Each structure stands twice: as structure tokens, then as C-alpha cells.
Amino acid sequence: MIIPVILAGGSGTRLWPLSRKLYPKQLLPLLDDHTLVQNTMGRLKGLAEVGDPVVICNEEHRFIIAEQLRGMGVSPSAIILEPVGRNTAPAVAVAAMRIEQADPDAVMLVLPADHLIKDTAQFHAAVGQGGRFAAQGRLVTFGIVPDAPETGYGYIRQGRPIESEGADLPARTIDRFVEKPDLATAQSYVDSGEYFWNSGMFMFHVRTVLDELGRFAPDIVQACAQALSRSTLDLDFLRLDRDAFADCPENSIDYAVMEQTDRGVVVPLSCGWNDLGSWDALWQAGAKDGNGNVAIGDVLLCDVHNSFLHAETRLLAAVGLENHIVVETSDAVLVSPRDRVQEVKEIVNRLKAENRIEAVSHKKVFRPWGHYESIGDGSRYQVKRISVVPGQVLSLQKHFHRAEHWVVVQGTALVTRDGEDILLRENESVYLPLGAVHRLANPGKIPLELIEVQVGSYLGEDDIVRFEDAYGR
């Protein structure tokens, strides 16, 4: 049985301002109507002998991930929550241990949640080929046949060919892994025909990868085993023990195992792959007009060529641009030459250093019960639009530094205020004084929309005391 392991814990800082810490790129519909994690799940359809996936993600994204999987009709065997990021080797180790408990003969198919694969048939063929090697105790990585000298990818130098029945391209032994090169070196790799791009996708038998992790990274195995043995179930999520997992060394599966093992195999793959790791990558993957532009949203262009332009909330007009990226959101605008988009992460680092909220979240913030969006603020006040999904209930809470006014715009609200239940309909309102113990619920059949006006000396989201919460926060 093949068990997909979806690595969905990245932050995607190079796609700021669309991708942010609390809502990163794998959760966004960047290419079509589905998000990247949904597209990753979708391309598994049609593979033979595939079981329910294991998903590994950050705590902050758990409810969004779960909802997006439900939207695809996917029931994961586990959603494992990483309390802190520790790169891919610990994630693979924990997933292998978890899978082995249920099926000691399983083969893992490890997939990042944020990649593009255009040719699903070629992907399926490569997985079938890789599965045969994994069943033989080999550690399989998928090498992308390069079509350009990319400097943003690592490379794999292929060794001798291995017999691959029915494959268009034979699998190879691995000569060595190579770090991201400069342009001239990357061109020499492509010209030689001896190198693949390192895709970050793998297949292993669970026992094989655990054995090799035990050989080369026993400290990772020990820490992950402790984190898993002390894990707890939280609703539909498996929460790893924070202290044990925090003690785990941070390392990638490439460094920890693949660059050291003698069991490695690279399966060639030519499938229109892109890791969507930058705005230029999105330009490459997007549908272009006659001038080579990718334009999304309300965009008006005059003499613009080979550029990527994304408008989220208003008209974006551009004149005379060549090879540029322009991305507009409700609270930030990014402008960059296409050949310098890797430096976007420096902007994010500066925002973090200045404690700017734009590095962390969008104006629309998603919660397990729905979402809220800041629509205005000033000295001692803030205005939000709140949307609550039918049947959902917010936590029973109070604030020390602010009072709140709620006005219902659509739907029905059931408000609890200091033990009193109040039913509100459209155009009705309620006042929640500072310190009042309160709760909001949507008992109706349609989304509840309301306007919240906060007034007080401190309006941060951390001014909250929860007494009861259906989501375990």
C-alpha cells in the first residue's frame, strides 16, 4: 500500500504579500480555483493501491488544512501538528513511525504540498516505477529533467542506469547532490545532460527509511519517537509533544539520509514540474497574453511585456514595464524586477524585525469558525467585519482593555453576555462592556455577518481570556 505523506508546513515567504505566516502559499488558489494543497491531493487520484494520506502541518494552519481537505472529499488517516518547524527529516521520521504502527509493509510517497505538476500521467508512471524500487528497499527521489539553467533549485548528478521495466527513462543510481549553483554552473549542468533538478519528492518503505535515519541521524529518530509517544489527540489532529519535538535537530531528509545512503535511486520525471517558489516561477507557470504577461484581477496594461501582475482589491494599471512583478493586496503592494524576486524574503525579514503585522497575516484572518477582516482603525478604536459559518460557535471569553459593539448585517446571532442569551437579527445590535464574559454563535442556516467596533486602550488579539472553546485553543 502506498501512503501519501503531504508536507504542508512551509511559510512561503518569497511569495509575499500573498503568502504570509498565518496563510502561506500552500493554502492559496494561485493557479486555479483549488489551493495548492488541494491540487496536490487531486493528482493522487488514479494511482493504484493508495491509502488515506498523512498530512503534516503547523498548528496555526490545522483548521484551514482540515477544511480544504474536506472540500476535496479527502479523509486523511492523520493530520500531524508540528509544534515548531524542524525541516523535512523529522517530518518524514514522525510520519514513518506513525504509518508503521498501522501498516509495517507500507511505502511512503512524500510530497510537498505546494508544487505544480502539469502532466499527471507522467507523474503516475514515475510513482509506479519508484514504488517498485521502494519495495526492494531502495530510497527513491524524483529527479526533474531540466529544461533551463535554474539557479533556484538544487541538482542531482545521475550515476549508472538501472533496469527499469516499461519506463521511458531508466532510473539511475545517485552520484551526488549539488547545492543551488550560479547561472554559468547551472548552464553547464543542463548542457552536460548528467543532472536533474532535485524535486524534494521521495518514496521509501517505512522500515527502510527509519533504518537509514537510525544509521545517519539517530538523534532525530530518538527525539521523534519521544514526541510521537507523548503525542495527544486534539479533535481530529495528532499533536506532537512540544518539548520532545523542540529538542529534535533541524535537518532535511536530503542532508540527513539521501546524501549519505548507498541505497539511493533517482527516478527521472518530465512532467511540467515547478516548485512555485518565487513570483518568477508563478510567471513561468501562468497563462500569458500576447505580450508575455500574466495578469490576474482588475489589471489594465499599456506597453507592458513579460511581466506578472496580480490585483486583489482594486484596479492595477501599469505603463511601460518589462520583466517586472507587481502584486497588490488590501494592505501591501510589491514591485520588483523578475530577476530579483528572490530578494523578497529580505523584505519579509525587515517586516519581522519591525514587528509589522504585514509579515504575519492578511487583513482577512481565518479562524475555525469563519473569518474576520479589519476594515478600519484609529486611535483607541478598530472596526472589523466578522463572518461566522452556520452552526459554529466562538469561544466564551472576555477582554481587559476593550469594549465591543456588534451590529448584525446578515443572518442571526446568538449572543451570550454575562450569562444572558440574546438573539439578534439583521440591523439589531448589542453592547459588550469591558470585562463582560461573552460568546457569539450562528444558530442559523446562512452565514452570519456582523460589524464589530472595538473601543479601548489596547486592541491586540492577545487581549483575550478563554473560558470555553470548542476548538481547544
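Which element gives the largest share of the lining of the second largest pocket? The answer is strand β20, which contributes four residues, where strands (E, at least two residues) and helices (H or I, at least four) are DSSP runs numbered from the N terminus. The model is a predicted one, in which local features need pLDDT of at least 70 and side-chain atom pairs count only at pLDDT 80 or more, while totals for chains, interfaces and linings use all residues. Residues are numbered from 1 along each chain as its sequence is written, and side-chain values use heavy atoms, with hydrogens and water left out.

The second largest pocket holds about 850 Å³ of space, a volume being the space filled by probe spheres set on grid points that are joined across faces, edges and corners. A pocket here is an open set of points on a 1 Å grid over the protein atoms alone, where a 1.4 Å probe fits and protein lies on both sides within 12 Å along at least five of seven lines, and a lining residue has an atom within 4 Å of a point. The lining comprises 39 residues, of which Arg-367, Tyr-372, Glu-461, Arg-466 and Arg-473 lie nearest the centre of the pocket. Among the elements that give two or more residues to this lining are α2 (62–71), β20 (364–367), β22 (381–388) and β29 (448–456). By class, the lining has 15 nonpolar residues (Ala, Val, Leu, Ile, Met, Phe, Trp, Tyr, Cys and Pro), 15 charged ones (Asp, Glu, Lys and Arg) and nine polar ones (the others, Gly among them).

Strand β20 also belongs to an open sheet of six strands, ordered β20-β21-β22-β29-β24-β27 with antiparallel pairing, where two strands pair if DSSP finds at least two bridges between them. Because β20 and β27 (429–432) stand at the edges with a single partner strand each, one side of each is left without a neighbour in the sheet.

Within this sheet, β21 (residues 370–378) is joined to β22 by eight antiparallel bridges, with Asp-377 standing opposite Gln-382 in β22. These two strands form a hairpin with two residues between them, and Arg-380 in the turn has a positive phi of about 70°. β22 also pairs with β29 in the antiparallel sense over eight bridges; Val-388 stands opposite Leu-448, and Lys-384 has Glu-452 as its bridge partner.
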